[in-house]
Amino acid sequence: MNPEQDFDDRLRGWAELGDEHLPARYLDAALAQIETTPQRGAGWWPLKGLFMNRKPVATLAFFGVAALVVGLAIGRFSQQDAALPSATALPTATTSPAPSLAGQWLLDFRRSGLSDAIAGCEGCSIGSLLTFRGTGEVFGISGAFAGCDSFTGSYAVAGSLLQISIPPPTINAGCYPRRIQEIHDRLNRVVTFVLADCRSAICDELTLLGREGNRLLVYRLDVDS
Amino acid sequence: MSVVERTLVDSARRGDRIAFGELAVSLGDRLHVVAHRILRDRDLAGDVTQEALVKIWQELPRLRDVDRFDGWAYRVLVNACRDEMRRRRSTNLYLLDIDGWMPDASIPVGDRDQLERAFVRLSADQRSVVILHYYLDHSVTEIAAIVDVPVGTVRSRLHYAKRALRAAIDAEGRPVLNGGRSA
């Protein structure tokens, strides 16, 4: 081994020495502080980046373009001034509530890669349901027909994390879909979720993802529920 | 970055405190180990990590690319370490408090002490590049992105820091002559 490599290795070994964990009191203090600390908005970061690059030419060019745009805008407004309608009240901005999981969801077998599980079964495609209740309870029907299999489990949401815990299915020979066990296994492996096709607080599509971001199951909102 | 962490960062960026709380558990550890190695003082490292976590929460909406979160978080931490060292410039001779864990047997105790003494004489910027390079195994290009300086500056800081550290080890190995001077 050459001396340079040897010295690098010694430095690496020495750099390993030290604490491995943040003592809990500091984490607790940080989290308590965060509770009362507002975030700063994204604001004007594109401009900040421009000025921070310390290139006078870029900054001058920016101001040149900005002056041109402002000049053109003023000219345009002064031409249109006479034609402007009288001032009217601007519409008030509204805040949309965060979409939630609440509601009844129908399993999309095809997009969940489970088409074969309902092959040959009329009506099975609307047979697998999942209903999230506000109490942390999740109710579901795995099979296509009443009495085949239903379950009650629990779920917890923290930010975008989702954990579902449901019991093993009761499988009868005549039940559809044929892969009930697998559906239950997948539900128990959920780590996070993605809501899509959202209109305000209502979303039409729920995708459940596993630890590696793999798609486990896709549901559509049951609009008739 | 794992999918879970990416999701947490994205949620926290949009103001989700619960998601940030989840994220802070592992992030706090990752930042603290680096702060402890740069500052060589457990309590100071705890204070700086706490300060960095709050700063990260505050500034998170300005992070444009979630995939750059790690490097950005280390930048916030390194800046916080540098500020802390500036505040305490007059008393910045710390030795790493190593109670509670086993020293690496492959490093002679003499070397370790010499490295410690030489390290605490380095500037905050030099300490940062040494730890980012030798502890986190970051390349000079990655370090340049984290500390926001040109690659050449990182190379230079690393070069001078290594020279100082090597000189400390070499000095230890020299025979002591009359009058206590090294050869």
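Mentor: A search of the whole structure finds 21 salt bridges over all chains, a salt bridge being a side-chain nitrogen of Lys or Arg within 4 Å of a carboxyl oxygen of Asp or Glu. Across the interface of chain B and chain A, the rule finds four salt bridges. One salt bridge joins the side chains of B:Asp137 and A:Arg12, at 3.2 Å from N to O. This pair crosses between chains: B:Asp137 is in the loop between H6 and helix H7 (140-147) of chain B, and A:Arg12 is in helix H1 (residues 3-15) of chain A. Helices here are DSSP runs (H or I, at least four residues), numbered from the N terminus.

The model is predicted; local features need pLDDT of at least 70 and side-chain atom pairs count only at pLDDT 80 or more, whereas totals for chains, interfaces and linings use all residues. Residues are numbered from 1 along each chain as its sequence is written, chains are lettered from A and ligands numbered from 1 in the order in which they are written, and side-chain values use heavy atoms, with hydrogens and water left out.

The contact (heavy atoms within 4.5 Å) takes 61 residues from chain B and 44 residues from chain A. The area buried between the two chains is about 4800 Å², and carbon and sulfur atoms give 60% of that area; buried area is the accessible area (1.4 Å probe) that two parts lose on being put together, summed over both. In chain B, the residues that lose the most area to chain A are B:Arg17, B:Arg62 and B:Tyr134, together 14% of what that side buries.

An arginine of chain B also meets an aromatic ring of chain A: B:Arg166 lies over the face of A:Phe7, at 4.6 Å from the ring centre. Within chain B, the charged end of B:Arg37 sits over the ring of B:Tyr135, 4.2 Å from its centre. The criterion is NZ of Lys or CZ of Arg within 6 Å of the ring centre and within 35 degrees of the ring normal.

Notes
Helix = DSSP H or I, 4+ residues; strand = E, 2+ residues; numbered from the N terminus.
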